[in-house]
Structure formats: structure tokens, C-alpha cells
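Colleague: I would like a close look at the aromatic contacts in this predicted model. Please walk me through them.

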Amino acid sequence: MLRLSELRLGLDHSEDDLEQAVLRCLRVPREQLISYQLVKQSIDARRRDRIRIIYSVDVQVRGEKALLRRRSADRRIRRSPDESYRFVARAPSDLVDASWQRPVVIGAGPCGYFAALLLAQMGLRPLLLERGQAVKQRSRDTFGFWRRQSTFKPESNVQFGEGGAGTFSDGKLYSQVSDPVHYGRKVLEELVKCGANRDILTRHRPHIGTFKLATVVRGLRAQIEALGGEVRFGSRVEQLLLEPASSKQAKPMRITGLQLADGSRLDCSQVVLAPGHSARDTFAMLDRTGVALERKPFAIGLRIEHPQSLIDNARWGDAAGHPLLGAAEYKLVHHAANGRCVYSFCMCPGGFVVGATSEPGRVVTNGMSQHSRNERNANSGLVIPVSDADLEAHQRWPGDPLAGLVFQRELESLAFQLGGQDYSAPVQRQEDFVAGRPSTCLGSVSPSYQPGVQPSDLAELLPEPMVEALREALTAFSQRICGYDHPDAVLTGVETRTSSPLRIPRDDRLESINVIGLTPAGEGAGYAGGILSAAIDGIRAAEAVALRLLQQTSN
């Protein structure tokens with residue numbers, strides 16, 4: 001099998017045009033081609049008047065070895081890589097339940113679910129604990145809160161519950177993490193098995209969408225249970241049970257069990273801790289217990305909304321609306337004169353801005369899209385990294401691993417106050433924000449945030465250096481995207497959950513640096529930044545735990 005890349009075709013090409021491009025690249029007659037299949041499809045829109053679809057395909061061809069020798073100088077032609085996943089271990093069939101403690105996974109987000117799935121596929125029958133509810137109940141609670149049909153539920157919301165925070169997002173499935181052994185392919189194939197559209201296997205920047213994600217996570221749960229695993233909802237871990245390690249062991253503590261919020265205790269020796277970036281009470285518990293923690297960079301800012309048609313026209317020009325293009329995205333970065341960096345984050349084409357708090361009395365924003373991405377507005381976070389000076393200005397010692405968490409809470413509480421203390425979010429017209437005046441009303445761009453909005457002055461919400469940098473960036477971004485400075489574009493505050501503000505350090509075996517048997521993983525532990533990278537880290541965590549468990553049982 002050969003892989004051909006950089007096959008460029010116009011927007012209105014046919015299937016026959018793609019086949020002809022394959023033959024031209026190979027420089028072979030049609031009868032020498034046995035078959036081909038699509039591997040990747042992306043868009044080159046650097047020239048709006050000449051947008052191209054770029055394909056990579058795998059082909060079978062007669063005389064492959066001779067063709068490779070003849071075309072060795074053409075970098076577009078190479079052997080297809082082996083992307084199949086290979087398990088690092090398998091549990092023996094005679095594993096005795098009475099003498100063996102099954103692994104426990106904490107958190108049913110993408111990291112936790114893929115850790116549990118891989119452990120189950122290796123025959124290790126994991127127990128997965130999730131503090132929130134199954135996705136059906138969780139969706140009912142979350143949409144009820146947004147629509148003001150029910151009260152906010154601290155244990156069942158955008159952040160907590162089956163599927164994790166990614167369930168109520170755009171469902172983006174791309175990552176910048178290095179993936180030389182093709183874990184990402186394993187993730188995508190499992191998602192397709194569970195109901196995701198097959199096009200996520202070939203799209204350059206695939207996404208699932210919220211409603212599809214709800215179906216997919218139910219499918220992942222069913223697979224885990226069919227393989228002997230167990231998933232328990234409403235099971236918040238209250239305490240890690242640790243004891244001193246033996247003098248022969250390099251680390252001072254080892255895990256022996258878990259105390260749950262309902263008072264029950266679970267004995268265990270291997271735990272994957274994948275709590276998500278909003279499990280603040282869990283982080284505080286870890287700090288009290290003595291688990292090593294450290295501060296990690298994170299960013300905060302606002303959400304901005306434009307008409308999706310404006311972004312489409314700016315990106316695609318006359319081709320806007322073409323079925324192969326869909327809703328346009330953007331990615332922007334600006335280095336401000338005061339030294340702060342402003343960048344777009346989690347851009348959601350044709351979506352909504354939603355209420356994403358996990359604690360009472362706080363307002364947090366996030367973006368969400370359905371698979372169709374056909375809502376009227378485009379939205380994106382515009383965020384700025386938090387510096388030590390920002391924390392010091394709020395009387396927070398930057399060496400404290402929980403300092404960023406406290407800083408987030410302060411901003412979210414202030415946003416709650418500015419929004420009217422009923423979970424409405426403070427909003428402002430872009431023109432007013434840049435001019436430094438409060439908004440008293442909104443214009444032609446209708447905000448999509450639920451549960452509601454309150455015109456305000458967002459300069460009261462963020463530290464002054466960040467406000468200054470945002471104002472400068474908004475002007476600069478209009479030079480990159482025509483119309484980005486739309487006066488009625490809506491800014492909504494506050495965006496704080498871009499990533500975890502701390503990390504749970506781990507060693508080369510992915511184990512906590514001071515607790516034997518504890519494997520921190522995923523976004524909350526500081527090792528991922530999105531659905532795909534979190535799922536990949538879950539696979540790596542499962543592999544590490546499986547090898548340790550099977551080594552224990554063989555001794």
C-alpha cells in the first residue's frame with residue numbers, strides 16, 4: 001500500500017477528477033491502479049479566489065516496488081504507515097478475582113473513558129467512578145439550567161457528568177500532541193464504533209458536535225460494561241486513602257483505597273486519576289493529603305460572537321456556502337505592546353456561548369456547536385495567559401499550587417455579580433469595550449449565551465493589563481479578518497476554564513512522583529488540552545497501569 005499526499009483539486013471536482021489526480025501523481029496508466037481510499041481531506045484557503053481541497057489517499061497498485069524506486073524523489077509518495085493499535089498486555093484468563101484488585105478510574109471524561117475502555121479491552125475489568133450523572137440525566141439538568149427550567153446542580157452540569165466537559169462543546173477531535181504510534185487513530189476508530197460519523201477518520205480538523213457526543217459516550221460505556229468493566233455515577237471520591245510505603249520503595253506513600261462521598265470505602269492499589277480541569281474540591285483534597293501538585297500556566301479572557309456569515313465571507317469569499325467548506329473557523333494571535341499575548345481559543349463555528357459553571361454563585365462561559373454548525377453566530381474565546389504578577393496583584397502566592405484556582409474563582413464570582421446574580425453573564429458591544437465605555441444595550445448581533453445576559457462594562461472584570469491587551473488585539477484582528485471589528489460583535493465574560501491551573505507531577509512510568517499506584521492523567525491533571533489529547537493520555541495511562549498490575553500478579 002502506498003500513501004499519496006498533496007493531491008490538490010478545485011471545489012467543484014468530481015470523483016473521477018480525484019482518480020485522475022492519483023494517476024498523474026503515480027504516472028501510471030489506469031489498468032495499473034488496483035484501488036484507492038481516502039485518508040485525509042483538508043482545505044487550502046490562503047487564496048480566497050482559488051480555494052483548493054487537498055487529499056491524501058492510500059492506493060494499491062501493480063508493480064509497487066518498481067514504482068517506489070522510480071519515484072523515490074517525489075515526497076508525495078511513500079509507503080502507508082501501519083496505524084493499527086497493539087495492546088501492551090493481556091490479562092491471563094485464569095486471573096483469580098479473590099486475590100486481585102481491579103484498577104479504578106476516577107472521572108468519566110474522554111481521558112477516564114478511554115483509560116477504562118483500554119483496561120477493559122486488556123481483560124482487567126476496571127471500575128470507573130464518576131461524580132456526575134449519566135449523559136441523559138446530565139443533559140436534562142444542563143439544558144434545564146440554561147433554559148431556566150430548573151436550578152443549577154453542582155454535581156450535574158457542563159463540567160461534571162458522563163463524557164466530561166467536552167460533551168457540551170464543539171467536540172473537536174484534533175490535537176497538536178506528538179503521536180508517533182498513532183494513538184489518535186485508535187481513539188477515532190473507537191468513536192466511530194460508538195456512533196460518530198465516519199468522516200472524523202478523514203477530516204483534517206474533525207469534530208463531532210454535542211448531540212452526537214451524547215450518543216458516543218453511551219456507546220463507550222456499553223463497550224466497557226460488555227467487557228466486564230463497571231461504571232458508577234453519582235460516586236464522588238472524597239478522599240484518597242494512603243499509607244507509608246515500605247523503606248525499600250522510592251516513594252513515601254502508596255495508595256490503598258478510596259473514600260467516597262456516601263461513606264463507602266473501596267480497596268485498590270492502582271488508580272487512574274482523571275478528574276477534569278474543574279474538580280477544584282478534588283485538587284484541594286489532594287493538596288491536604290500530601291499528593292505532589294504544582295502550578296501550571298493557564299489563560300483567562302472573554303468570549304466574542306460575530307455573525308457566522310461574516311466569518312464565512314472573510315475566509316471563503318465568493319465560495320462561502322459551498323457544501324465542501326461548511327462553516328469557517330479562524331485562529332488568531334496578537335502580541336500586545338504591553339507584553340501580553342492574546343489568542344483565540346476553542347473557536348466554535350455556527351454555535352452557542354453557554355453557561356459552564358460548576359459552582360454556585362459563579363458565571364463561566366464556554367463555546368458549543370452541534371455537528372451541523374448551522375447556528376447564526378460564530379464564537380471564540382479571546383484569552384490571555386495568567387502571569388505571576390496577576391496572581392500577586394490578587395494577594396496570591398504564585399508558588400501555591402492552588403493559587404490559579406482561587407484566581408479563577410474570584411473572576412467567576414465577579415462575573416456573577418456583574419451579570420445580576422441570577423447566572424446571567426455580563427456582555428458588552430465590541431465598539432463600547434474598545435472605546436472604554438459601558439454598554440447599556442446591544443445591537444444587531446444577538447448574544448447566544450444561556451441562561452441570559454446583562455449589558456455591562458467588562459473592563460471591571462479583568463485586570464487592567466489584560467483589558468489593555470484585548471483592546472489592542474481586537475483592533476489588530478480586524479486587519480486579519482475583514483469585519484472582525486464589527487461594532488455590534490458581542491463580548492461575554494468570563495472565560496476561565498481554558499485548562500487546568502495546576503499539574504499533578506508524574507514520573508516516566510506515568511505514576512505520581514510521591515504516591516505509588518496513583519496515575520494522574522488527562523486535562524485536569526495537566527497533561528492534555530482537549531478531547532483527543534485527553535483520550536490519548538487515557539490510553540497511555542491504561543497501558544502503564546496494566547503493566548504494573550500484571551507485574552504485581554505475576555510476583
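**Aromatic contacts**

Modeller: Start in helix α4, residues 135-146. F143 and W146 are three residues apart there, so about one helical turn separates them. Their rings form an aromatic pair. The centres are 5.0 Å apart, and the planes make an angle of 75°. That angle is over 60 degrees, the cut-off for edge-to-face, and edge-to-face is how this pair counts. Both F143 and W146 are buried.

Now take F152 and Y423. Their pair is tilted, with 35° between the planes and 5.8 Å centre to centre. F152 lies in the loop between α4 and α5 (183-193). Y423 lies in the loop between α10 (403-418) and β19 (425-429).

Together with F145 and F416, they form one aromatic cluster. In total, the model has 11 aromatic pairs.

Charges also meet rings. The charged end of R471 sits over the ring of F433, at 5.2 Å from the ring centre. R506 does likewise with Y527: its charged end sits over that ring, 3.7 Å from the centre.

Note on methods
Residues numbered from 1 in each chain as written. Predicted model: local features only at pLDDT ≥ 70, side-chain atom pairs only at ≥ 80, totals over all residues. Heavy atoms only, no water. Phe/Tyr/Trp six-rings, centres within 6.5 Å; stacked < 30°, edge-to-face > 60°. Helix = DSSP H or I, 4+ residues; strand = E, 2+ residues; numbered from the N terminus. Buried < 20%, exposed > 50% of the residue type's maximum accessible area, 1.4 Å probe, protein only. Lys NZ or Arg CZ within 6 Å of the ring centre and 35° of its normal.
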